[in-house]
Amino acid sequence: MPVEVYGIRHHGPGSARAVRRALEEFKPDAVLIEGPPEADAIVELATDPEMVPPVALLAYSPGKPPAPDGTGEGSERKAAFWPFAEFSPEWQAIRYALDAGVPVRFCDLPAANQLISLEEPIPSQPDEEAEDEAAPADKEAEQKAPAEQGIRLDPLGWLAKAAGYDDAERWWDDVVEHRDEGPTPFEAIAEAMSALREQLAELPDGGATGLPAGYLQREEQREAHMRRTLRRTLKVGHDRVAVVCGAWHVPAIQAKVPSTKDEQTLRGLAKTKVAMTWVPWTHGRLANRSGYGAGVRSPGWYHHLFAAPDRPIERWLTAAARVLREEDLHVSSAHVIEAVRLAEALAALRGRPLAGLDEVTEATRAVLCEGAELPVELIQSRMVVGESLGSVPERTPMVPLQRDLQAEQRRLRLKPSALDKEHDLDLRKPTDLERSHLLHRLRLLDVDWGVPGDSRSKGTFRETWTLMWRPEFDIELIEASAWGTTVRGAATARAEAMALQAKGLPELTSVAERCLLADLGEALPAVMRSLADRAAIDTDVAHLMSALPALVRALRYGDVRGTSTGPLQSVVDGLIVRVCVGLPAAAGGLDDDAARELLTHVDEVHGALALLARDDHIDRWRRTLRGVLDRTDLHGLLEGRLTRLLQDAGLLDDVPDRMARAVSVGVAPDRAAAWIEGFLSGGGLILVHDDELLRLIDAWIAGLPGESFTDVLPLLRRTFGAYAQAERRAIGERVRRLGTAPATAEGDDDALDPERAAAAAAAALRILGWEARP
């Protein structure tokens, strides 16, 4: 027979082995595979030793980039992936053809046509409003729509239901994936699909109810193109052609459809310009939980079945035991033996030809994990999905930006991985500093390969990043190539455009900070000009205050990274002066929400100036706070917080008197509670060491009427709830002893013992590198 059509599920070990075996028996002189014909030119890369599945064909429409200055909008970019794993039947067909020296071509509708949308997405359920308005005679047909729609959208699920299964993947595993011996299943698959399509054809509308016309039109175009490609392959002289495609399409390819009809179907199709390449893929993206329509439940399990056809259950459970042992969990050989027996017994009871993932998981839970769920989840994440990242050869077509990133990854020894990997960077080391620059530049290009986290170090010379590579980053790099051909050049152009498009001062300061973190000295002049111009005309004190912390952080990082920050320093100096001038006028007559917002800005500026460590700015700021504190229309929250800040700086000697006035009988309870909240928001240790302040607060709370206590309780709970448990315990102990007489020095547990303290002080001095004085 000159043509053999093998209907497959797109990812499955049994299908992959069956296709390979069928091709070796048939020995075709040409192989056609469901996929975009634009990939014909790069299919030979599959034989390169550096091509390691999982990988995917990527078709993308370049679109129109935005203007270089960042103005205007580019046209929409479109892309599509065709993933392949080692256990994908199409991948095995590709490898067979290339190894045998047989021409291999893709026969699906070109990506240039498929990237042009026809209709809305397929609805997940019928339109309820339309159903309510339908006539009684039409309602019966409408109620049948989900079932008939299911045949077309999920034919395997329909066959599984007819066979008495409630899980399509489980049915397919039993009839195809778990059967390694005997005849190939393709004849039976073709017969089953023919029966389903005949059932649809008998319906008045061909089973189109509930589906958009665009979907059916696209399916018709795809199958017409497959038939046309097959005809042309036979016409050029090939005598034995093998076609590997989705099982649903087998009857359509085998059908005797006139070529004129197919040509009419394909005539005048809209198309767009596309480029095609290979990109790395991950097992996680092959899982159906990722949203991939042709995904499978357990890529790691399928890969294991394909790689270990001999005694797969024993090998899987042995590997599971190894994973648990690596976590210091005791699993013996006897555990593995009993788990194998249990899995096989469950498969026999359920009439399965081989224990599937369900049986193996149940055996793992019951025997290896002894009923514990957490170790089972560990095996699920490491083995069932089996996350891994493929690789593509160096000679794969790429945009220059992708190649530059690959070169940087090799130079800095940052290998992409599909698993989360934490990197702790010491910015005093040249390599770590350059790694930080690269990751920050990529984030400017919206390629979030690295996500910054909270560093375990208190200094500014360390950064912690979590790195995980996702296939979508290749699309984002292609889109970002409109900004430049290197990561540094593209990030510089993007930063300049962001500065031009920034809508406010805080946004501009964020761009400036990111430029310094990414060491984009070329972009800084333009960013700093925009920042200086915007800061000079912005009169909103809140905007100025919100912009200052990011600029101060940028200055600190600039010092550590060796980046020139002269222009930024002048902007910061000017902002601090303007904040100190404008704050007193902005602080009076505020309601609760406005006071809380201003308090946030005050705390941020206070922390930023402490980080900047400039005595002249700190002195100016403290004088400003003292002037604001003397206002008579100051909100209680702000008054309490400013009192605490100045008290911590040693500039107030009448804090008990101020608190006494704030919580006196004549003050409204809500204002008093706000004052207490503001004063204590910096931490509760002051109440541990100052009995006078603690007595004032205790007496005020004890003297509140019942209704007032109920009103202020949420504020007090929010204040004290923010303290650490040790602080709350210490305050409680102090309150419990408020009514007792003060202990004598001899009997006080807190009294200092000079002899005992001397040894501890000497040890602390040695740790700090200081000599203890005699």
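Contact, in these notes, means heavy atoms within 4.5 Å.

**Ground rules.** I am working from a predicted model, where local features need pLDDT of at least 70, side-chain atom pairs count only at pLDDT 80 or more, and totals for chains, interfaces and linings use all residues. Residues are numbered from 1 along each chain as its sequence is written, and side-chain values use heavy atoms, with hydrogens and water left out.

**Entry: E387.** I started with E387 and asked what it touches. Leaving aside residues up to four places away in sequence, E387 touches T282, H283, G284, A418 and L419. I found E387 in the loop between α16 (373–384) and α17; helices here are DSSP runs of H or I with at least four residues, strands are runs of E with at least two, and both are numbered from the N terminus. E387 comes out as partly exposed because its relative accessible area is 23%. I also checked E387 against L286: the two are 101 residues apart along the chain, and their C-alpha atoms are separated by 9.8 Å.

**Entry: whole chain.** I looked up 34 helices and 10 strands. Of the 774 residues, 46% are buried. Among contacts with a separation of 6 or more, 76% are between residues 24 or more positions apart.

**Entry: the sheet.** I traced an open sheet of four strands in the order β1-β6-β2-β5, with parallel pairing; two strands pair if DSSP finds at least two bridges between them. At the edges sit β1 (3–8) and β5 (104–106), each pairing on one side only. Neighbouring strands are turned against each other by 20 degrees on average, direction ignored. For angles, I take axes as lines fitted to C-alpha atoms, for helices over the stretch in contact, and read 0 to 180 degrees between N-to-C directions. Helix α1 (residues 13–26) packs on the sheet and touches β1 and β6, its direction making about 170 degrees with that of β1. Helix α2 (residues 89–100) also packs on the sheet, touching β1, β2, β5 and β6, at about 155 degrees to the direction of β2. I then went through β2 (residues 30–33) and β6 (residues 241–246), which run parallel and are joined by four bridges. A30 has V241 as its bridge partner in β6.

**Entry: α13 on α16.** I looked at helix α13 (residues 312–326), whose axis comes within 10 Å of that of α16, crossing at roughly 115 degrees. From α13, W316, A319, A320, V323, L324 and E326 meet P375, L378, I379, R382, M383 and V384 of α16. I sorted this contact into 10 nonpolar, no polar and two charged residues, counting Ala, Val, Leu, Ile, Met, Phe, Trp, Tyr, Cys and Pro as nonpolar, Asp, Glu, Lys and Arg as charged, and the others, Gly among them, as polar.

**Entry: α20.** I noted buried residues in α20, including V487, A490, R494 and M498. The buried residues of α20 pack against α17 (400–411), α18 (430–444), α19 (472–480), α21 (505–517) and α22 (524–537).

Notes. Buried < 20%, exposed > 50% of the residue type's maximum accessible area, 1.4 Å probe, protein only.
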